[in-house]
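Dear colleague,

I am passing a structure on to you, and below it you will find some notes on what turned up. Please look through it before reading on.

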Amino acid sequence: MAKKDLPHAHILIYLKEKIRPGYVDNGIRAKIPDVQQDPVMFEIFSKHLIHSPCGALNMKSPCMRDKCTKRYPRKMIFETQTAEDGYPQYRRRKPEQGGDTAVINLRIDNKYHEVKIDNRWIIP
């Protein structure tokens with residue numbers, strides 16, 4: 001069993017008022033770290049926090065049915081928003097808005113392909 005399959009929970013608790021998007025961004029990010037500023041964090045993200053590109057890039061990805069069951073790639077938005085259901089839609093900036101890109105090696109049919117990704121593929 002892979003470590004990512006161990007029991008865990010994703011929770012967000014607020015007591016008196018709804019949590020504000022600025023507070024969310026202080027602790028949760030859907031952003032590729034800058035490889036020059038933080039190469040260690042970039043390496044961790046590259047190995048563990050990128051939803052392996054699927055859809056047109058890889059129809060054989062385990063998450064694929066008719067479309068990605070994990071809802072990737074996510075929508076690019078400039079600022080974190082709290083949806084009506086209380087779930088946040090995390091800030092995912094485009095490269096021209098200060099977002100980052102990275103090149104990863106994607107394995108498809110036992111062959112590696114270099115794929116350029118952006119913040120749409122980051123797991124917060």
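**Salt bridges in the model**

Asp118 and Arg120 join their side chains in a salt bridge, with N and O 3.0 Å apart, the term standing for a side-chain nitrogen of Lys or Arg within 4 Å of a carboxyl oxygen of Asp or Glu. Asp118 is buried at 10% relative accessibility, whereas Arg120 is partly exposed at 32% (buried is under 20% relative accessible area, exposed is over 50%, and partly exposed lies in between, with a 1.4 Å probe and protein chains only).

The model is predicted, so local features need pLDDT of at least 70 and side-chain atom pairs count only at pLDDT 80 or more, while totals for chains, interfaces and linings use all residues. Residues are numbered from 1 along each chain as its sequence is written, and side-chain values use heavy atoms, with hydrogens and water left out.

By the salt-bridge rule, the count is 5. Another of these pairs is Arg93 with Glu79, whose closest N and O atoms are 2.6 Å apart. Arg93 sits in the loop between β2 (88-89) and β3 (101-108) and Glu79 in the loop between α2 and β1 (81-82), so this pair ties together parts that are 14 residues apart in sequence (helices are DSSP runs of H or I with at least four residues, strands are runs of E with at least two, and both are numbered from the N terminus). Glu79 is partly exposed, at 35% relative accessible area.

Glu43 and Lys47 also form a salt bridge, at 3.7 Å from N to O. They are 4 residues apart in helix α2 (residues 39-48), which means about one helical turn separates them.

Kind regards
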